[in-house]
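Q: I've got a new model open and I'd like to learn how to read its charged pairs and its sheet. Can we go through it together?

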Amino acid sequence: MRIKGVFVAFAAIVAMSSSAMPAPQNTASMTIGGVTSQPIGHYEFCERHTDECGPTRNTGPVDMNANTWALVTQINLRVNKTITPATDMEVYGQEEYWEYPKTAGDCEDFALLKRKLLMQKGISAANLLMTVVRKPDGEGHAVLTLRTQQGDYILDNLDDEVKVWYKTPYSYLKRQASYNAGRWVTIENGNDVLVGAVK
């Protein structure tokens, strides 16, 4: 019984650790609906970066193994610590300007940079999806969704911990389509997340 108690305590510590790799989830993926409007900032971004906004080869969700988990958490933390939060008006002199940040940017700029860095490390664009959410206070926000075999995970400039999407405090509205980086689709079960996250 004592050994069992030690094992249970160890398992609890591992589960609470932010560096622990997440366990596989069978119901951890967003339910995607039909094609919807592309955010104007992303549309203009695609006009400037046409090579990044076309059809993508969908090889299926990436396996969130130990190596992938280490890479994703490291890049999420690095970008969060090296880019200074600032509004588009402060950085670019206009509203809703999506771009790769050099030293400062807002939520979508953080997400774009994380997407770019992870693509450079070999993760498919089909699994790195810009996503629009609503925060509990009603304000719009952008995050990066990582599609994995274990579910959808969120890289967020407001949180250094990578979390499965339904464990965030957001209402999910839409994201890039996995088959085309220039198309956006609705998230059908996204509104349930906010209700479930209220304490």
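Q: Let's start with two side chains: are R175 and D152 buried or exposed?

A: First, the ground rules: this is a predicted model, where local features need pLDDT of at least 70, side-chain atom pairs count only at pLDDT 80 or more, and totals for chains, interfaces and linings use all residues. Residues are numbered from 1 along each chain as its sequence is written, and side-chain values use heavy atoms, with hydrogens and water left out. Buried means under 20% relative accessible area, exposed means over 50%, and partly exposed is in between (1.4 Å probe, protein chains only). Here R175 is buried, and D152 is buried too.

Q: What do R175 and D152 form with each other?

A: Side chains of opposite charge can pair when their charged atoms come close. We call it a salt bridge when a side-chain nitrogen of Lys or Arg is within 4 Å of a carboxyl oxygen of Asp or Glu. R175 and D152 make one, with their closest N and O atoms 3.2 Å apart. This pair ties together distant parts of the chain: R175 sits in strand 8 (residues 171-177) and D152 in strand 6 (residues 151-156), 23 residues apart. Strands (E, at least two residues) and helices (H or I, at least four) are DSSP runs, numbered from the N terminus.

Q: How many salt bridges are there by that rule?

A: The count is five. Among them is K135 with E139, at 3.2 Å from N to O. K135 counts as buried because its relative accessibility is 18%, while E139, at 43%, is partly exposed. Another joins D159 and K163 at 2.9 Å, N to O. D159 is partly exposed at 22%, and K163 is partly exposed at 24%.

Q: Now the sheet: in what order do the strands run?

A: Two strands pair if DSSP finds at least two bridges between them. Seven strands make an open, antiparallel sheet in the order 1-9-8-4-5-6-7. Strand 1 (32-36) and strand 7 (159-164) are at the edges; each has a single partner strand, so one side of each lacks a neighbour in the sheet.

Q: Which residue in strand 6 stands opposite L144?

A: That's L155. Strand 5 (residues 140-148) pairs with strand 6 in the antiparallel sense over five bridges.

Q: What does helix 5 touch on the sheet?

A: Contact means heavy atoms within 4.5 Å. Helix 5 (residues 107-120) packs on the sheet, and the strands that it touches include strand 4 (128-134) and strand 9 (180-187).

Terms used. Axes fitted to C-alpha atoms, helices over the stretch in contact; angles between N-to-C directions.
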